[in-house]
Amino acid sequence: MRRFYNRPTMKKACVLLAWLAGWGLLLSSAGDVLLEIDGLFVFGMAAFGAAHVCYGLAFVTLIRRDGPNIGLWPLAMGVLGISIVLGVWLAPGMGALTAPALVYQLIISLMVMLAVLSKAPLIARLGAALFMLSDTLIAVGMFRNVEVPLGSVWITYAAAQIMLAWGLTRPAED
């Protein structure tokens, strides 16, 4: 069943989505800088965590506006399952970063689950999943000492940001 919205409500939702996507990009940029400064790694993780909260709120906005995509709840539970398995596998190598890394993992997992359950454009939902893949590649390299393919983190990260920004700022189709 198609929902009808008045134009001012739709415009407010689009503006909010654009602001949330913009804050997600800005906080991610701050995270990139902080990760490169000695002693500020955890603050970089926090900035990225805040970015994922912004993206998650954008997906919540879409769920509230358009309703949830109930048919994809098994996929959302699959994201949760994969996240739990990864957490168990990565935890032994986390050391002093165990608590912040697991909190970060929870935040990004919830963001991806909200993306899956939303009726956001597919490009935005795929961007969320690609962001999680990018961060998984970083975690596997850091916590399990597995060599990841050269450039794979930056390629998946850049693509994820572009897909999220593009997908979350597209106007709703009539």
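Is Tyr157 buried or exposed, and what is its relative accessible area? In this predicted model, Tyr157 has a relative accessible area of 10% and counts as buried, because buried means under 20%.

**Aromatic residues**

A search of the whole structure finds 4 aromatic pairs. In one of them the ring centres of Phe48 and Phe131 lie 6.2 Å apart with the planes at 80 degrees, so this pair is edge-to-face. Phe48 belongs to helix 2 and Phe131 to helix 5, and the pair links distant parts of the chain, 83 residues apart. Both Phe48 and Phe131 are buried, and the relative accessible area of Phe131 is 0%. Phe131 also pairs with Tyr157, and here the arrangement is edge-to-face because the planes meet at 75 degrees, with the centres 5.5 Å apart. Since Phe131 lies in helix 5 and Tyr157 in helix 6, this second pair ties together parts that are 26 residues apart in sequence. Phe48, Phe131, Trp154 and Tyr157 form one aromatic cluster.

| Aromatic pair | Distance between ring centres | Angle between planes | Arrangement |
|---|---|---|---|
| Phe48 and Phe131 | 6.2 Å | 80 degrees | edge-to-face |
| Phe131 and Tyr157 | 5.5 Å | 75 degrees | edge-to-face |

**The largest pocket**

The largest pocket holds about 640 Å³ of space. Its lining is made up of 25 residues, of which Phe41, Tyr104, Asp135, Ile138 and Ala139 are the closest to the centre of the pocket. Helix 1 (7–36), helix 2 (41–66), helix 3 (73–90), helix 4 (98–117), helix 5 (122–144) and helix 6 (152–169) each contribute at least two residues to this lining, and the largest share, 8 residues, comes from helix 5. By residue class, the lining of the largest pocket comprises 18 nonpolar, 4 polar and 3 charged residues.

An α-helix has 3.6 residues a turn, so residues three or four places apart point the same way.

A similar check can be made for helix 6. Its 18 residues should span 26 Å at 1.5 Å a residue, and the distance between its end C-alpha atoms, 26 Å, agrees. Among the buried residues of helix 6 are Val153, Thr156, Tyr157, Ala160, Gln161, Leu164 and Leu168.

Asn145 sits in the loop between helix 5 and helix 6. Its phi is near 55 degrees, a positive value in a residue other than glycine. Most residues other than glycine have a negative phi. Asn145 has a relative accessibility of 69% and therefore counts as exposed.

Lys12, which is found in helix 1, is likewise exposed, with a relative accessible area of 63%. From Lys12 to Leu35 the chain runs 23 residues in sequence, and the two C-alpha atoms are 34 Å apart in space.

How values were computed. Residues numbered from 1 in each chain as written. Predicted model: local features only at pLDDT ≥ 70, side-chain atom pairs only at ≥ 80, totals over all residues. Heavy atoms only, no water. 1 Å grid on protein atoms, 1.4 Å probe; cavity = no way out; pocket = protein on both sides within 12 Å on 5 of 7 lines; lining within 4 Å. Points joined across faces, edges and corners; volume = space filled by probe spheres on them. Helix = DSSP H or I, 4+ residues; strand = E, 2+ residues; numbered from the N terminus. Nonpolar A, V, L, I, M, F, W, Y, C, P; charged D, E, K, R; others polar. Phe/Tyr/Trp six-rings, centres within 6.5 Å; stacked < 30°, edge-to-face > 60°. Buried < 20%, exposed > 50% of the residue type's maximum accessible area, 1.4 Å probe, protein only. Expected span 1.5 Å × (residues − 1).
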